[in-house]
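Thanks for asking me to look this one over with you. Have the model open as you read, and here are my notes in numbered points.

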Amino acid sequence: MTARAGVVAIAALLAATAPAGAEVVSADASGFAVRAELTIAAPPEAVYAALLAPGRWWDPAHSWSGDAANMRLEPAIGGCFCEKLPKTGGESAHMRVVAIDPNHMIRLDGALGPFQAMGVAGTLSWELKPVAGGTEFRQTYAVGGHIPGGGAALAPVVDGVMGGQAARLKALVEKR
């Protein structure tokens with residue numbers, strides 16, 4: 001199997017397992033945007049508090065250390081979405097907070113996972129809106145720049161990963 005065929009197979013598998021509210025908004029050679037929208041059966045204050053504790057909901061399979069408990073988010077402009085690397089004594093700054101409105105929105109700037117080693121810029125936004133039955137949660141991740149193989153090839157994979165993160169947040173907040 002060629003590398004491209006492998007990426008397509010993985011993308012198809014992840015797209016099939018992504019939460020219903022996850023979607024690739026746009027994708028081309030230079031980047032992509034993915035979005036997950038879901039309703040969480042809790043008030044925005046509870047969802048916001050959970051967002052500030054990524055070590056409780058971030059998928060450890062998508063961390064450098066293999067343990068989500070090493071993830072933290074500092075809720076202030078310039079605050080770090082960081083991860084300690086206990087085995088080596090290192091640390092990774094995944095993203096930085098660029099906008100924050102408690103209980104309504106957090107916006108981060110940076111490149112997650114393998115995008116860190118590429119010449120890309122990324123923006124991750126979490127938006128919260130009170131609705132009947134809880135909170136409308138919207139997560140958008142947009143990446144642009146030098147992406148070997150192009151953004152269109154990786155967008156479905158990233159959509160699956162980010163949609164999974166949103167589902168884990170929902171499960172934590174709803175205690176499932």
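1. A definition to begin with: a contact here means heavy atoms within 4.5 Å. On that basis, residues 24 or more positions apart account for 53% of the contacts in the protein chain with a separation of 6 or more. Of the 176 residues, 42% count as buried, where buried means under 20% relative accessible area, exposed means over 50%, and partly exposed lies in between (1.4 Å probe, protein chains only).

2. A word on the source. This is a predicted model, in which local features need pLDDT of at least 70 and side-chain atom pairs count only at pLDDT 80 or more, while totals for chains, interfaces and linings use all residues. Residues are numbered from 1 along each chain as its sequence is written, and side-chain values use heavy atoms, with hydrogens and water left out.

3. Now the overall layout. The protein chain has three helices and eight strands, and from the N terminus on the elements run α-β-β-α-β-β-β-β-β-β-α. Helices (H or I, at least four residues) and strands (E, at least two) are DSSP runs, numbered from the N terminus.

4. An open sheet of eight strands has the order 1-2-8-7-6-5-4-3, with antiparallel pairing; two strands pair if DSSP finds at least two bridges between them. Strand 1 (22-28) and strand 3 (71-73) stand at the edges with a single partner strand each, so one side of each has no neighbour in the sheet. From one strand to the next, the twist averages 20 degrees.

5. Next, some of the pairings. Six bridges join strand 4 (residues 80-85) to strand 5 (residues 90-101), and these two run antiparallel; Leu 85 stands opposite Gly 90 in strand 5. Strand 5 is also joined to strand 6 by six bridges, again antiparallel, with Asp 101 opposite Met 105 in strand 6. The hairpin of strand 5 and strand 6 has three residues between the strands, and there Asn 103 takes a positive phi near 70 degrees. Five bridges link strand 6 to strand 7, which run antiparallel, and the bridge partner of Leu 108 in strand 7 is Leu 124.

6. Helix 2 deserves a look of its own. The buried residues of helix 2 are Pro 44, Val 47, Tyr 48, Ala 50 and Leu 51. They cover an arc of only 160 degrees around the axis, so they lie on the same side of helix 2; the arc is that of the directions from the helix axis to the C-beta atoms.

7. Pro 44 lies in helix 2 and is buried, with a relative accessible area of 9%. Its C-alpha atom is separated by 5.5 Å from that of Asn 103, 59 residues apart along the chain. Not counting residues up to four places away in sequence, Pro 44 touches Asn 103, Leu 128, Lys 129, Pro 130 and Thr 135. Thr 135, found in strand 8, counts as buried at 0% relative accessibility. With the sequence neighbours up to four places away left out, Thr 135 touches residues including Leu 38, Ile 40, Pro 44 and Val 47.

8. Is Ala 53 buried or partly exposed? Ala 53 is partly exposed, with a relative accessible area of 22%, and is found in the loop between helix 2 and strand 3. The C-alpha atoms of Ala 53 and Arg 72, 19 residues apart along the chain, are separated by 6.3 Å.

9. Last, the largest pocket. About 450 Å³ of space lies in the largest pocket. Of the 21 residues that line the largest pocket, the closest to its centre are His 62, Leu 112, Gly 113, Pro 114 and Val 161. Helix 3 gives the largest share of the lining, six residues, and helix 1 (3-17) and helix 3 each supply at least two. On a 1 Å grid over the protein atoms alone, a pocket is an open set of points where a 1.4 Å probe fits, with protein on both sides within 12 Å along at least five of seven lines, and lining residues have an atom within 4 Å of a point. Grid points are joined across faces, edges and corners, and the volume is the space filled by probe spheres set on the points.

Note on methods
Axes are lines fitted to C-alpha atoms, for helices over the stretch in contact, and angles run from 0 to 180 degrees between N-to-C directions.
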